[in-house]
Amino acid sequence: MSKKRPGGESLPSAPSTATGPSPDHEVPAATPAPDPKRWWALAVIALAQLMVILDGTVVNIALPSAQRALGMSDADRQWVITAYTLAFGGLLLLGGRIADLVGRKRTFVIGLAGFAAASALGGAAAGPGMLFAARALQGAFAAVLAPSALSLLATTFTDPKERARAFGVYGALAGGGSAVGLIVGGLLTEYLNWRWSLYVNVPIALAALLGAPAFLRDRSGRRSGHLDVPGALLGCGGLVALVYGFSEAEPRGWSSPSVLTPLMAGAVLLAAFVWWQSRAASPLLPLRIVRDRVRAGSLATMGLATIGMFGVFLFLTYYLQVVLGYPPVRTGLAFVPISAGIVIGATQIAARLLPRTAPRTLMSSGMVLAAAGMVLLSSLTVHAQYVTHVLPALLLLGLGMGLTFMPVYATATAGVPAQDAGVASAVLNTVQQMGASLGTVLLNTIATSATGRYLHSHVRGPDADGATLDQGMVHGFSVAYRCSAGVLLLAALVAGLTVWHRTPKHAGHDAPA
C-alpha cells in the first residue's frame with residue numbers, strides 16, 4: 001500500500017513486519033540510537049573524499065611540468081591520467097563488495113593508507129614508468145576507499161534531516177573538490193613543483209587516519225559469504241576494457257582497431273557479467289540494487305550529469321590559459337565561483353529542501369540550471385570578459401550541480417540492505433567515474449573535430465595565424481558546450497520521469513559492529 005501526497009506522487013508506506021522482510025529489503029526491528037561521534041565521523045569521511053576528488057584536477061594542472069621534468073612523450077603523457085582512471089573505474093565494484101565482506105571501517109583505513117603511500121611513491125618518481133605505476137596504485141586504493149567512505153556515511157546518518165545535511169556536505173565536496181583542486185594545483189605548480197601535487201595527499205590522509213579509529217563506527221554487513229571471483233573478473237575486465245577503449249579514441253580515432261576491439265570486448269564482458277550476476281550464489285553486484293526504478297533513475301541522472309559536466313574544467317582551463325592568457329594560479333582562482341555555487345546549492349538549498357521536497361524536483365531543476373550555464377559558455381568569444389561572460393555561467397553551473405549531486409547521493413544509497421551498502425556506493429561511484437571518462441573523451445573529440453572543420457574552412461594558406469587558431473579552438477569549445485547542454489537536459493528529463501518517490505526516512509540500518 002502507498003499513500004498519496006499533494007501533487008499525486010506516491011509515498012512508500014511503512015513496511016509491515018507481519019510477514020517478514022522481502023528478499024530485496026531488510027526491515028529493521030528498531031531504529032538504532034544516533035552515534036554521538038557522527039559529526040566527527042563526517043569530518044573524517046569528508047577529508048578522505050576531498051583527497052580523492054582533489055587528486056584528479058591537481059595532477060591535471062601539474063601534468064605539463066611533470067612531462068618536462070621526466071621526459072615523457074606526448075603520446076605517453078595521457079597514461080598519467082589513464083592509469084588512474086583504469087584502476088579506479090575498473091575496480092570500484094570489487095572494492096565495494098570487499099568493503100561489505102570484510103568491514104567498511106577496515107577497508108576505509110586500508111584505502112587511506114594505500115592511497116597515501118602510492119601518492120608518496122608518485123611524488124618521488126624518477127621516471128615515467130614509476131609515475132604511471134604509482135597512479136595505477138592510487139586508483140586501486142581509491143576503488144577501495146571511495147565505496148567504503150560513502151557506505152559509512154549512509155549507515156552513520158539515519159535521521160532524515162541529519163542525513164540530508166551530511167549528504168549535502170558530501171555532495172558539495174564531490175562537485176566542488178575538482179575546482180578547488182585546480183586552485184591548489186596552480187599554487188603548488190607555480191610556487192613549489194609538480195611533485196607536491198602528489199605529496200599533498202600524504203598529510204590529508206594522515207589526518208584522516210588519526211581520526212578514523214576514534215570516530216568511525218562500523219556497522220555489521222555480511223561478514224560471511226564468498227567473494228564472487230568470476231563476477232569480479234568479468235565486471236572489472238569489462239569496465240577496464242571500456243575505459244581503455246574510450247581513452248584511446250581521441251589519439252587513434254573511433255574507427256581504429258585499438259579502439260573498437262576493447263570497446264567490443266568490454267560490451268561482451270559486461271553482458272556476461274550481468275548474466276552471471278543473475279545466477280551467482282554470492283554476486284558481486286546483486287541485481288536487486290539496480291532493479292529499483294528510483295535508484296536506477298538516480299544512477300542514470302548521475303551518469304548523464306558527469307558526462308555533460310566533466311568537459312567544463314578541461315575546456316575552460318585551456319580557454320583561460322591559452323586564449324585569455326591566464327597564469328595557472330589565476331586560472332585556478334577563476335573556478336572559485338563554481339565551487340561556491342556547488343557548496344551553496346548542496347548544503348544551503350538542497351539539504352534544506354530534500355526532507356520536504358521530492359528528489360526529482362531538485363535533480364531536474366539543477367540540471368536545467370546547469371544546462372543554462374552551458375548555453376552561456378557556448379557564446380564565449382576570443383574577446384570575452386570573465387566577469388560579464390564566464391562568471392554568470394559558472395554560478396549557474398555550480399548551483400545546478402549542487403542541487404543535483406546532493407539528492408542523487410542520498411537517493412541512490414537509501415533503502416539499501418546493510419549488507420549491500422558498500423557495493424551500492426561502489427555502483428554510484430562507478431557510474432560517476434565512467435561518466436567522467438566517457439564525457440571527457442566524447443566532448444574532447446567533438447571539440448577537436450569542430451575546431452578542425454573550422455580551420456579547414458577558414459585557413460587559405462599553409463599555416464593559420466594565432467588569432468585564427470584561437471577562434472577555431474573557441475568554436476570547438478562552443479560546439480562541445482552545446483552538446484553538454486543537451487546531455488544535461490536529458491538528465492533532467494530522466495530524473496523527472498524516474499525518481500518519483502521521496503528519499504526513505506530510514507535507510508541502511510543495521511546493528512553496530
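Predicted model: local features only at pLDDT ≥ 70, side-chain atom pairs only at ≥ 80, totals over all residues.
**Exercise 1.** Find how many cavities of 30 Å³ or more the whole structure has, and determine which residues line the largest cavity.

Solution. 
1. Searching the whole structure gives 2 cavities of 30 Å³ or more.
2. For the largest cavity, the volume is about 60 Å³.
3. Its lining is made up of V59, A62, L63, A66, V80, L131, R135, W194, S197 and L198.
4. Sorted by element, at least two lining residues come from each of α1 (38-70), α4 (128-156) and α6 (196-199). The largest share, 4 residues, belongs to α1.
5. Sorted by class, the lining of the largest cavity holds 8 nonpolar residues, 1 polar and 1 charged.

**Exercise 2.** Determine how helix α15 and helix α16 are oriented to each other, and describe the contact by class.

Solution. 
1. Two packed helices are described by the angle between their axes and the distance between the axes.
2. The axes of α15 (residues 359-377) and α16 (residues 386-412) cross at roughly 155° and come within 7 Å.
3. Angles over 145 degrees count as roughly antiparallel, and α15 and α16 are therefore roughly antiparallel to each other.
4. The crossing in which α15 passes α16 is left-handed.
5. On the α15 side, the residues making the contact include P359, L362, G366, A370, G373 and L377. On the α16 side, P392, L396, G400, L403, P407 and T411 are among them.
6. Counted by class, the contact of α15 with α16 comprises 19 nonpolar and 5 polar residues, with no charged residues.

Terms used:
Residues numbered from 1 in each chain as written. Heavy atoms only, no water. 1 Å grid on protein atoms, 1.4 Å probe; cavity = no way out; pocket = protein on both sides within 12 Å on 5 of 7 lines; lining within 4 Å. Points joined across faces, edges and corners; volume = space filled by probe spheres on them. Nonpolar A, V, L, I, M, F, W, Y, C, P; charged D, E, K, R; others polar. Axes fitted to C-alpha atoms, helices over the stretch in contact; angles between N-to-C directions. Parallel < 35°, antiparallel > 145°, perpendicular 65-115°, else oblique. Left-handed = near helix turned anticlockwise from the far one by under 90°. Contact = heavy atoms within 4.5 Å.
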